[in-house]
Structures are given as structure tokens and as C-alpha cells.
2 protein chains.
Amino acid sequence: MNTRERILETSLRLFNSFGEPNTSTNHIADEMNISPGNLYYHFRNKGEIVGLLFQGYERRMLELLSASESRDLDVEDMWLFLHLAFEIIWDYRFLYRDLDNLLGRHRLVRRHFQRIMRRKTDTALSICRGLAKAGVLRASEEEIDSLCRNIVLVATYWMSFDNAVRPRDTNPGNVLGRGVYQVMSLVAPFLDGDQRVLIQTLGRRYIV
Amino acid sequence: MNTRERILETSLRLFNSFGEPNTSTNHIADEMNISPGNLYYHFRNKGEIVGLLFQGYERRMLELLSASESRDLDVEDMWLFLHLAFEIIWDYRFLYRDLDNLLGRHRLVRRHFQRIMRRKTDTALSICRGLAKAGVLRASEEEIDSLCRNIVLVATYWMSFDNAVRPRDTNPGNVLGRGVYQVMSLVAPFLDGDQRVLIQTLGRRYIV
């Protein structure tokens, strides 16, 4: 790995651990045992690092969203899809932790984040409409609209919420598992009996 | 209004407009045309102001939660209750806008905010169980649990989400109306036909 890549990797790790607002370029250089000058040779400022990390996040998320739109998913696929989405969110959790603050300061990140939120909503719409067409999900078009808005909202803010109400359990498997279950529980009441029970059964192991 | 109260009122207004992290005690003093020394005569630091404003928020929210727990609510009462809750959230929206950041810096606020989240969840549980007992809401105990978690999550992060996806429409009536509708749409699928249609009808005016 060259210095540039190491700077990105170290920044991501520090941002995720301590929050982006609390991590300066000096911290990053210090952690890597390089001079601040060396860091500035590779990046103009912290904003540029944030922008590049965001691009990495965006690329992975768009790949996942495209993959899920290219074919019809059933309820168990949806479960898997959500796990993959939450893993990406976890890898870039610093973005989600200080979201308002970050979007307020980085115009480019804000525009792209808004675009990703719309893409996520579109993906959720296409999955839910697919399930409705297959007769698995029963909801009016308006209900599907508000359902998909709630899916994106709960997925986006899950880690902040979980961290606020259960700050002690930071085990990634538990945090993400609970998040997937919360999102699936939005969909459950629109499914027919068997599928609804399946979600409760799959979800039970996350409820402690 | 004495100087102390005017400082609190001015701080709340500036925090709500520009965000608490972007508002210094100097801004507050400047806005009031008083000296920073005069401000420091009344408050040790900005943290003390934030703490007192939070107490005002907490008092109003706890009052509302107690009122709603003291009697059985029907679906239309719930609508009204959510409107009142969202009005309080709007009046203290700076708390919600930089929530992670704020909770990370103010230990006392964090502890109290966690307590309020638990109280909100308990209130939601007691309302939903009441509706279930009256035969209006059909859900298992586990479904009610995850529903109430989602109710508190959507209500807590609604304004951040709405601001991220629709930054242009900041009319309070619209923002709050959409929030109430999103929360009601979480409950709707568990209600029987008439009540479910009622929510869609009441909600239609918020969907633009």
C-alpha cells in the first residue's frame, strides 16, 4: 500500500473511532508516524480526504443497489440485502454519526448523499413493488411510498438511535442485526401470515 | 423579561437558526448588544445555557408524555398527540439537528436524553397496548415492541431526514405534518380497514 492509500485507510479508521470532527490532519499524520507536510503533499486538506472516502462508500453502495434492482428479490433475499447494506454503513459509520454536521460543511458530499438517499428509496420502491406484484406484499401505492421512506430513514439513522438508547452494546454483529430486524419489521405487517411469522422468527435472536 | 431569560431566549433562537456548534457565547452577546462579560455574569459557559434549554425541552416533553399516559387514546387522539410532540421538537430543533455531536459533548444532556427516549418508548407502548386491548390494533407483543422502537426513531430523526432529502421545503407546517404522517404510517398497517383508510385520507394533504 502506498502512502496515499495508507493515509485514506488510517483516516477512515480514526474517523470511525473518534468522529470526523474530532480528528485533525495532525492526528492522522501522527498516527502514521509521518510529518504533516508529507500528508499535505498527498491531500490539500481534510475535506479532500473526506470526499475521497465518501466516493469509496458511494461506489460500494451503488454497486449493491444496482445488483438488487437487476432481479426480483424475495423476503429472504431482502434480509441478505439489508445485511450487506448495513455492513457498508458500518464500514463508513463516521458519515452517519455526524451526518447533519458533515452535510452542512461539505456541499459535494451533501449533494451526493442526497442522491444516494433517493437511489435507496428507489431501490426500496422497486423491491416492494416486486413483492406486491408477486402477491407477497399487500399495500396500496401510497402505503408503499411511506413504507419506503421509513425504510431509508430507519436504515440511515439506526446506528445513531441504537447508540443513543443502548450505548453499551457496540458489538457490530448485534448493532447491525438489530438494525436489519428493525427495517424488516417495517415490512412485516404488509406480508401475509407465513412471511410475517418468518420475520419474527428470524428476528428473535436479535432481541435481547 | 430579565437579562438571564433574554440570554436563554436569544440562545435558543440562534442555536435553532445556525446550529449550536456554530454559535458562540460571543455571537449571543453580540446579538443582544451586551458585553461578553455581562453574559458570563449570568452563565459560566455555553454548556450551562444548553443544559438549561434542555431542561425546558424536557419539562414540556415529560408533561405531554404524562398527559397521554393518563388516559386511553384513540387513533385521532394519537394524531393530535404526535402534532404536539413534533411542535416541542420543532421549538428545540437544535437538539435534534446535531444530536450525536451534542450527546457526545454533554454527559448530563446525554443521560437525560436517553431517559426521555425510554419514556417516549414507554408512552408509545402504553398507547399501542391500549389500542390492542380495545381491539383497534392487531399485533403480537413482539410486533408492538419493534413498532414502538420505530415510532421513537422516526419521530427523533424525522427533521434530519426531511432536511437531507427535501432541503428546500422548510415550512414548519409542512415539515411537521409530513413527520406526523410518517409516524402514523408505521401504525396504520396494524389497524383494521376503516382506521387504516382514515390515516391515508388524513395523510394525503401532506404528500406533495
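**View 1. The largest nonpolar core and the residues at its centre of contacts.** Of the 101 residues in the largest nonpolar core of this predicted model, A:Ile151, A:Val154, B:Ile151 and B:Val154 touch the most other members. A nonpolar core is here a set of buried Ala, Val, Leu, Ile, Met, Phe, Trp, Tyr and Cys residues joined through C-beta atoms within 7 Å, and a residue is buried if 20 or more other C-beta atoms lie within 10 Å of its own, exposed if 12 or fewer, and partly exposed in between, with C-beta atoms placed from the backbone. When neighbours within four places in sequence are left aside, B:Ile151 is in contact with B:Ala124, B:Val183 and B:Leu186, contact meaning that the C-beta atoms, placed from the backbone, lie within 7 Å. The model is predicted, with local features needing pLDDT of at least 70 and side-chain atom pairs counting only at pLDDT 80 or more, while totals for chains, interfaces and linings use all residues. Residues are numbered from 1 along each chain as its sequence is written, and chains are lettered from A and ligands numbered from 1 in the order in which they are written.

View 2. Among contacts in chain A between residues at least 6 apart in sequence, 68% join residues at least 24 apart. A:Leu64 lies in helix H4 (residues 46-69) of chain A and counts as partly exposed because it has 17 C-beta neighbours inside 10 Å. Apart from neighbours within four places in sequence, A:Leu64 is in contact with A:Leu84, A:Ala85 and A:Ile88. The C-alpha atoms of A:Leu64 and A:Thr123 are separated by 10.0 Å, although the two residues are 59 residues apart along the chain.

**View 3. Helix H5 of chain B and its buried face.** The 17 residues of helix H5 (residues 75-91) of chain B should span 24 Å at 1.5 Å a residue, and the end C-alpha atoms are 25 Å apart, which agrees; the expected span is 1.5 Å times one less than the number of residues. The buried residues of H5(B) are B:Val75, B:Met78, B:Leu82, B:Ala85 and B:Phe86. Seen down the axis of H5(B), these buried residues fall within an arc of 100°, so they line one face of the helix, the arc being that of the directions from the helix axis to the C-beta atoms. They pack against helix H4 (46-69), H8, H9, H10 and helix H11 (193-204) of chain B, whereas B:Glu76 and B:Leu80, on the other side of H5(B), are exposed.

**View 4. The contact between chains A and B.** The contact takes 31 residues from chain B and 31 residues from chain A. On the side of chain B that touches chain A, H9(B) gives the most, with 12 residues. Because 100% of the interface residues of chain B are also interface residues in chain A, the copies meet through the same surface.

**View 5. The axis relating the two chains.** A rotation of 180° with 0.0 Å of shift along its axis superposes chain B on chain A (RMSD 0.0 Å), by least squares on the C-alpha atoms of residues with pLDDT of at least 70 in both. The two copies are thus related as by a two-fold rotation axis. In chain B, the C-alpha nearest the axis belongs to B:Pro189, 3.0 Å from it.

Methods. Two residues are in contact if their C-beta atoms, placed from the backbone, lie within 7 Å. Helices (H or I, at least four residues) and strands (E, at least two) are DSSP runs, numbered from the N terminus.
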